[in-house]
Amino acid sequence: MPASPAELFQRLDDLGMTTVTHHHPPIRTAAEARMLRGRLNGGHTKCLFLADNDGQLWLLLCLADHLFELKRVARAVGAPGLGSAAPEILWQALGVTPEAITPFGLINDRETRVRVLIDRAMLKISPLNFHPLESTATTQISPAELVRFIAAGGHKVEVLEFGSREPALPA
């Protein structure tokens with residue numbers, strides 16, 4: 001059974017990490033997530049759960065307004081055929097649903113099957129905003145503590161330069 005948000009918060013406390021959690025209606029789409037950006041400070045993120053042709057699982061973390069070429073990322077890390085993983089595999093590996101993909105889900109990857117890729121730009125913004133295992137809240141954490149949380153679960157963080165900022169939307 002996957003960890004609950006309460007178990008996640010206990011783990012963060014056990015690690016001595018300072019986080020702030022904001023509760024809100026469920027977020028299911030990128031458009032709904034954009035509505036939070038004006039109310040929460042810090043870096044808003046997107047998290048992609050991927051698999052390659054060899055069955056390796058990947059968690060890609062970047063700022064919400066960054067664009068990147070998945071083929072370029074795949075070449076950089078040697079991941080043939082990198083693409084979205086099925087929701088069932090996501091649930092088995094991280095214990096979350098597609099609308100709640102989060103690095104906090106790594107608490108459920110006790111076998112460290114998932115490789116973690118972080119866009120270098122994320123490490124320059126604090127706090128970072130992620131769902132705490134469900135899409136009805138957003139938890140803010142510093143980049144240093146995020147990396148420490150990931151490492152505490154036995155995962156290695158691979159830092160890459162993914163891409164550039166998304167062009168501004170017209171007013």
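Arg-120 and Glu-161 form a salt bridge, with their closest N and O atoms 3.1 Å apart. The two residues are 41 places apart in the chain, and the pair links distant parts of it. Arg-120 sits in the loop between strand 6 and strand 7 (128–130), while Glu-161 sits in the loop between strand 9 and strand 10 (163–165). This is a predicted model, and the values below are computed from it.

The partners differ in how much of their surface is open. Arg-120 has a relative accessibility of 35%, so this residue counts as partly exposed. Glu-161 reaches 54%, so this one counts as exposed.

The structure holds three salt bridges. Another of them joins the side chains of Arg-115 and Glu-158, at 2.8 Å from N to O. Arg-115 belongs to strand 6 and Glu-158 to strand 9 (residues 157–160), so this pair ties together parts that lie 43 residues apart in sequence. Arg-115 is partly exposed because its relative accessibility is 29%. Glu-158 has 17%, which is under the 20% limit, so Glu-158 counts as buried.

There is also a salt bridge between the side chains of Arg-148 and Glu-145, at 4.0 Å from N to O. Here both partners lie in helix 5 (residues 143–152), three residues apart, which is about one turn of the helix. Arg-148 is partly exposed, with a relative accessible area of 37%. Glu-145, at 16%, counts as buried.

Asp-119 is located in strand 6, which covers residues 114–119. The residue is buried, yet it has no salt bridge. The nearest side chain of opposite charge is that of Arg-120, and it is 6.8 Å away.

What does the side chain of Asp-119 make a polar contact with? Its partner is the side chain of His-66, at 3.0 Å. Leaving aside neighbours within four places in sequence, Asp-119 is in contact with Leu-61, Cys-62, His-66, Leu-160, Glu-161 and Phe-162. Glu-161 in this list is also the salt-bridge partner of Arg-120.

## Glu-32 in helix 2

Glu-32 lies in helix 2, which runs over residues 30–36. Its relative accessible area is 30%, so Glu-32 is partly exposed. Not counting residues up to four places away in sequence, Glu-32 touches Pro-26 and Ile-27. Gly-83 is 51 residues from Glu-32 along the chain, and the C-alpha atoms of the two are separated by 24 Å.

## The chain as a whole

The protein chain has five helices and 10 strands. Its C-alpha atoms fill a box of roughly 45 × 40 × 30 Å along the principal axes. A compact globule of 171 residues would have a radius of gyration near 16 Å, and the chain has 15 Å, which agrees.

How much of the chain is buried? Of the 171 residues, 45% count as buried. The accessible surface comes to about 8,800 Å², and carbon and sulfur atoms account for 53% of it. Among contacts between residues at least 6 apart in sequence, 70% join residues at least 24 apart.

Definitions and conventions
Residues are numbered from 1 along each chain as its sequence is written. This is a predicted model: local features need pLDDT of at least 70, side-chain atom pairs count only at pLDDT 80 or more; totals for chains, interfaces and linings use all residues. Side-chain values use heavy atoms; hydrogens and water are left out. Helices (H or I, at least four residues) and strands (E, at least two) are DSSP runs, numbered from the N terminus. Buried means under 20% relative accessible area, exposed over 50%, partly exposed in between (1.4 Å probe, protein chains only). Lys and Arg count as positive and Asp and Glu as negative; His and the chain ends are not counted. A polar contact is a pair of N or O atoms within 3.5 Å; within protein, one must be able to donate a hydrogen and the other to accept it, and residues adjacent in sequence count only if both atoms are side-chain atoms. Contact means heavy atoms within 4.5 Å. The radius of gyration is taken over C-alpha atoms; the globule rule is 2.2 Å times the number of residues to the power 0.38. Accessible areas come from the Shrake-Rupley method with a 1.4 Å probe; for residues, only the protein chains shown count as cover.
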